[in-house]
Amino acid sequence: MREDGLRSVELVTDRLETPSLDDRTYRVVRLPNQLEALLVHDPQTDKASAAMDVNVGSFSDEDDMPGMAHAVEHLLFMGTKKYPVENAYHQYLSAHSGTSNAYTASTSTNYHFEVSAKPSNDEEPSGTNPSPLLGALDRFAQFFVEPLFLANTLDRELRAVDSENKKNLQADQWRLHQLEKSLSNPKHPFCHFSTGNLETLKTLPEARGINVRDKFIEFYEKHYSANRMKLCVLGREPLDVLEAWVLEYFSEIKNKDLAPNRWPDAFPFPQTDLGVQCFAKPVMDSRELNLIFPFLDEDLLYETQPSRYLSHLIGHEGPGSIMAYIKSKGWANGLTSGAWPVCAGTPGVFDFQIRLTEEGLKEYKEVVKVFFHYVALLQETEPQEWIFEEQRGMADVDFRFRQKTQSLRFATKISAEMQKPLPREWLLSGRSRLRKFDAKLIKQGLACLRPDNFRMTIVSRDVPGKWEKKEKWYGTEYTVEPIPADFLEDIKKAASSPATSHIPGLHLPHKNQFIPTKLEVEKKEVKEPALAPRIVRNDRLVRTWYKKDDTFWVPKANLIVSCKSPIIYASAGNSVKARLFTDLVRDALEEYSYDAELAGLQYSVSLDSRGLFIEVSGYNDKLAVLLEQVLITMRDLNVREDRFAIIKERLSRGYRNWELQPPWQQIGDYTGWLTAEHDHVVEELEAELPGVTPEGVRVFREELLSQMHMEVYVHGNLYKEDALKLTDMVESTLKPRILPKEQWPIRRSLIFPPGSNYIWKKTLKDEANVNHCIEYWLYVGDKSDRLIRAKTLLLDQITHEPCFDQLRTKEQLGYIVYSGVRASSTTYGFRFIIQSEKTAPYLETRIELFLETLAKTIEAMNDTDFENNKRSLIVKRLEKPKYLDQETGRHWNQIHSEYYDFESAQRDVALIKPLTKADMVEFFNHYIHPSSPHRAKLAVYFEAQAKSDVSTKQISELVKTLDLDSDASVQAATDLQAKLSAAGQDEGKEVEVLNDYLLHSLKVPENKIETAVEAWKKLHAESGDAEGVVKDASPPSSNGTTPAIIDDVRNFKAGLTVSAGARPVKDLSEYEELDAKL
């Protein structure tokens, strides 16, 4: 114990198992209030961070008020007694290069932030010269000491929760997971609806006379206790300083001596819920088969982890595997398997998931039987220690050479890991390493994979029979029934089949030839890592860039090849053929490359904006072996008719499903299309796909590979001669002709003239999505103009926090609110993206009003705040890469952009430092201010087909008249909001819809129907336009220009000039190092 005044800190351990290259030091301590903290001193970090994981989540929600834990997570950010201003925390972080977030999981809630790790004087931090981490920890700790749950923020934050839920309503990942939960045992909290919405958190509780604010405070008081909290703090400060700060600020948190949350009394899937099949209808056009098995509780099995042995074999994709067999039959596009924990005290679940082809959907019963045949094979074979040792050896290598991650990600992950019953010395290595082979436990796990211990889900829009039910929270249509007796009998036969009856071709994997054995790294001390790679070959066919790793010292390397070709983007049809070619290459390599993937070696064959893109990365020992096979497969690809049909159908679904994504994820592609000289959107690609044939792809491949210019980057634990040999391998395998420099593609963007004001509209394909979306984009200038770039980056820094605070937190326009720089190939711009139930023209008016306010904010900003914003931006720009791949990515972005501006961050900073507030006011008033006659704007509107014209308040008043129980009230509210909205404010239609629903769906007595109808007529008459719902509006224009609606994109583009293409910022000869020395 260490004394600090009258308080003592218990040292738990400072001897953590660490990766070999880790230069951090660690200390685990326990405060007097029993809060456990991991302190991390990182002498190199640019960002300090902290994360608090509280052992309470959605499983602790009350049954009649789902979403409580999530709502409390939101409300803790809204002011504390010590810092009562609701956005004081975010303002502080924003002023010091920081960011924050939180998430609610089933059994924990995690709060986290990062902030600049150095003080404003740029010297090393200490107790007397603290970094901004000190102020951030002070503000952060108050969430858990004395939050205010400000009454005036309650409604806003509950609407933020509601908006977050609505964002997910059409997302299959959420819908299908909730269906699984809703069909589980109601006596286990796995069944809970974790997100919550306005109905569950406000409307219905208030209808029952509950004061919801009091309820959230009660939840907080009941579940938030210091002994349930795990804190991780990472900074440049010495450990003693971090410890003193943690003791000072976090000792005030009350310890209520709460027992750790455990749920041992019920199972999510008891025997009565097994032996069933559920057919579920997705939003996307997808086909999946899921087998779910109640499994072992592996909470304390961290040394052996039997599920990893089983998932390694069942999820294998190499020769002899389930995947290899069903793929050869044309039944599957992909496979995943593995166990996941439910919660403490409850056994886990083993999940087997197959992405089916059209034929695979028809033969799903055969796929299930193949699974059980493979399980039978495993049961008759003793667990193989060599397989475990191969896994263990690779896990040890991965941990030994683990590189740092961003400080925020590290703190968030480790604080959550601290809730698990791991020896504290193993907090970093934990479950990533395998320590003991236990054949008995593997057999116990295998014994769970039996025909009487599973349930099955088939996800597809096309299933036998009809959809019989709707899931309560997301409205997913489904049918659930017992697995037919004859099918179950076939499954039992497969599971008990003797060796003589096994399916030929199923067998255990062979030894992995890709396991790296040469792990040496020649480490040389360097004063300062090189900022730029060097050119080691430069001729008419290929330019090779190379950098020996001088920072991370891991036995890894990355190789990238960009094959410039003018033919890929010459037409949408060519783009589709190129995409099919790359998909077919990956398909052909699936079995071969799986071992490489297991051994930490990955590859990619895809398209980039210049042509064909090849990447191989991972442990450098066998990198050349994988590269050679990738190149040979590209060159000699046999375009088989059967695989082509499967890949083409998959791509067709991919195009269709792309348009069913959330609007904010789609909108950027259309802005890019409208601002680029040449580009294709998904509708154009989808239109070309039906006409593409196998022969067309064969011919195209020959043409594509026959002539190109290649740009190569080799980075990592390889020598210069290795880079040249790898380049020679690419050249000698593909043997392309030289593409003359005059024919290299030039990428250009459109220049928007001063005063231009354009709007382009698109109706969303997803008929059920109620969310509109806007991307509001302002043209600023040429990407190579460093001063323009510096000012735009500083504007982003200044705008970020007030934009979020005003448009999301205060105005509640939607959960997705974003502002920032948008760069094209050659131009710079500034954008806002908002996804909302409110219409795009209305969103545009709110953005413009915000910008008018922002102009005043910048003008009134004091010198200290202005300089803080500059410093915050400079810290971000100079942030060092944390791992090899990140540095590769930075270098490659410059190579790919064709500016080759490897010192861009340093040059940006040199221009940011002298900027004055007057500079920024002038910049803002010229390029950004809505009233500026020079401003050039493009607004992209996504318009929802579904409408949310009926307010939640109206619906809740209506539901009150029906005297329904809690569950029925929620379902009725959801159904009625959708049905009455669809009536489009036509009272006659609304009454008809209401009558029909109450009579036939709810079977409400006629006298109550009359009461409800009269109540609705009154609500309709009183409200006029629904409260909180904004009808269409004219697009705003504050600078006297009339918005031009883009009806013909070709004519629109033809009316604009194009930019110059990208050119190197300095002569490339300055990077050349063409001699033969190593």
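UniProt annotations may be inferred rather than shown by experiment, and their positions are given here in the numbering used for this chain. With that in mind, the UniProt record lists residues 794-892 as "domain: Coenzyme PQQ synthesis protein F-like C-terminal lobe", in an unreviewed entry. The model itself is predicted.

**The annotated stretch**
- Helix makes up 63% of residues 794-892.
- Strand makes up 18% of residues 794-892.

- Most residues other than glycine have a negative phi.
- Asp122 sits in the loop between β7 (109-116) and α3 (133-145).
- The relative accessible area of Asp122 is 47%, so Asp122 is partly exposed.
- Phe149 also has a positive phi, near 50°.
- The loop between α3 and α4 (151-168) holds Phe149.
- Is Phe149 buried or exposed? Phe149 is buried, because its relative accessibility is 3% and the cut-off for buried is under 20%.

**Cysteines without disulfides**
- How many disulfides does a search of the whole structure find? The search finds zero.
- A disulfide needs two cysteine sulfur atoms within 2.5 Å.
- For Cys343, the closest cysteine sulfur is in Cys191, 11 Å away, so the two are too far apart for a bond.
- Cys343 is buried, at 9% relative accessibility.
- For Cys773, the closest cysteine sulfur is in Cys803, 13 Å away, which is also too far for a bond.
- Cys773 is buried too, with a relative accessible area of 0%.

**A pair of packed helices**
- Two packed helices are described by the angle between their axes and the distance between the axes.
- Helix α9 spans residues 306-314, and helix α15 spans residues 439-447.
- Their axes are 8 Å apart and meet at an angle of about 60°.
- Why are α9 and α15 called oblique? Their angle is about 60°, and angles from 65 to 115 degrees would count as roughly perpendicular, while those under 35 count as roughly parallel; α9 and α15 are therefore oblique to each other.
- The crossing of α9 and α15 is right-handed.
- On the α9 side, the contact is made by Pro306, Tyr309 and Leu310.
- On the α15 side, Leu441, Ile442, Gly445 and Leu446 make the contact.

How values were computed:
Residues numbered from 1 in each chain as written. Predicted model: local features only at pLDDT ≥ 70, side-chain atom pairs only at ≥ 80, totals over all residues. Heavy atoms only, no water. Helix = DSSP H or I, 4+ residues; strand = E, 2+ residues; numbered from the N terminus. Buried < 20%, exposed > 50% of the residue type's maximum accessible area, 1.4 Å probe, protein only. Axes fitted to C-alpha atoms, helices over the stretch in contact; angles between N-to-C directions. Parallel < 35°, antiparallel > 145°, perpendicular 65-115°, else oblique. Left-handed = near helix turned anticlockwise from the far one by under 90°. Contact = heavy atoms within 4.5 Å.
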